[in-house]
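Me: Hi! I've just opened a structure for class and I'd like to talk it through. Could you help me read it?

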Amino acid sequence: MDLVLKVDDLVGHPERSRVVTGTIPVRLRIADASVDGPLLLTGVVTGTVDGVQARFTVNAQADLVCVRCLTPWTETLEADGDRHFSRIPDEDGYAIVSGVVDLAGPARDELSLAVPLAPLCRPGCRGLCPICGTDLNEDPCDGHGDEPESPFTVLKDLFDPPRSGS
Ligand SMILES: [Zn+2]
Ligand SMILES: [Zn+2]
């Protein structure tokens, strides 16, 4: 399993291109998100005057955890890449070496950029009650009315001032 591709017959031939598919194992962890399994790449490599242009799509299953309610779930992440290779290494050090390119590094780079930094299990997830830990998506948890920090306590006092001197 690799993404090493022979391209020396494409260099200098913009009319030539080749379809590429392959998988590599990926293991990465970014915050609470992790990928541990195969990454699938499909793409096309086309010759250019001094190298090859690789346009590809990568996808892999990621294990995510909602930043608000801590619910775990699995999702397929997908990302597109478009990178030129020549015999001179680019800013990331990728190059055509001995007539081949290795798309594994660029594929992992694109996938890691697709990992959400603050995953949400659903739009507008209400998260967990900071006081009792109840999942507020399932239970509104309207207790804790006497907490002094609650903004609702302040509102309640405004509309219902405590009586005094009676
Ligand atoms: Zn959530
Ligand atoms: Zn609560």
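Me: Let's start with a detail: in the hairpin of E4 and E5, which residue takes a positive phi?
Reply: That's Leu70, with a phi near 70°. The hairpin has 6 residues between its two strands. Keep in mind that this is a predicted model.

Me: What about Ser98, what's its phi?
Reply: Near 55°, again positive in a residue that isn't glycine. Ser98 is in the loop between E5 and strand E6 (100–102). It is exposed, since it has 7 other C-beta atoms within 10 Å.

Me: Where does Gly93 sit?
Reply: Gly93 is found in the loop between E5 and E6. With 7 other C-beta atoms within 10 Å, Gly93 is exposed.

Me: OK, let me zoom out. How many helices and strands does the chain have?
Reply: There are 2 helices and 6 strands. Going along the sequence, the pattern reads β-β-β-β-β-β-α-α.

Me: How much of the chain is buried?
Reply: Buried residues make up 20% of the 166 residues. As for contacts between residues at least 6 apart in sequence, 59% of them join residues at least 24 apart.

Me: What order do the strands take in the open sheet?
Reply: The order is E2-E3-E4-E5, with antiparallel pairing among these 4 strands. At the edges are strand E2 (17–30) and strand E5 (72–86), each pairing on one side only. From one strand to the next, the twist averages 20°.

Me: What actually holds paired strands together?
Reply: Strands of a sheet pair through backbone hydrogen bonds, in either a parallel or an antiparallel way.

Me: How many bridges are there between E4 and E5?
Reply: E4 and E5 pair over 15 bridges, in the antiparallel sense. One example is Val58, whose bridge partner in E5 is Ala79.

Me: And between E3 and E4?
Reply: Strand E3 (residues 33–47) and strand E4 (residues 51–65) pair over 9 bridges, also antiparallel. You can find Thr46 opposite Gln53 in E4.

Me: Tell me about Thr46. Which strand is it in?
Reply: Thr46 belongs to strand E3. It counts as partly exposed because it has 18 C-beta neighbours inside 10 Å. Leaving aside neighbours within four places in sequence, Thr46 is in contact with Pro14, Ser17, Val52 and Gln53. Pro14 is 32 residues from Thr46 along the chain, yet their C-alpha atoms are separated by 6.3 Å.

Me: New topic: helices. Which residues of H1 are buried?
Reply: Pro106, Ala107, Glu110 and Leu111 are buried. Looking down the axis of H1, its buried residues fall within an arc of 135°, so they line one face of the helix.

Me: Why would they end up on one face?
Reply: An α-helix has 3.6 residues a turn, so residues three or four places apart point the same way.

Me: What covers those buried residues of H1?
Reply: The cover includes E2, E3, E4 and E5.

Me: What does Leu111 touch?
Reply: Not counting residues up to four places away in sequence, Leu111 touches Val26, Val35, Leu39, Val58, Ala60, Leu77 and Ala79.

Me: Last one: which residues touch the most other members of the largest nonpolar core?
Reply: Leu39, Ala60, Val101, Leu103, Ala107 and Leu111 do, out of the 25 residues in that core. The elements giving two or more residues to this core are E2, E3, E4, E5 and H1. E4 gives the most, with 7 residues.

Methods
Residues numbered from 1 in each chain as written. Chains lettered and ligands numbered in written order. Predicted model: local features only at pLDDT ≥ 70, side-chain atom pairs only at ≥ 80, totals over all residues. Buried ≥ 20, exposed ≤ 12 C-beta atoms within 10 Å, placed from the backbone. Contact = placed C-beta atoms within 7 Å. Pairing = 2+ DSSP bridges. Axes fitted to C-alpha atoms, helices over the stretch in contact; angles between N-to-C directions. Core = buried A, V, L, I, M, F, W, Y, C linked by C-beta atoms within 7 Å. Arc of directions from axis to C-beta.
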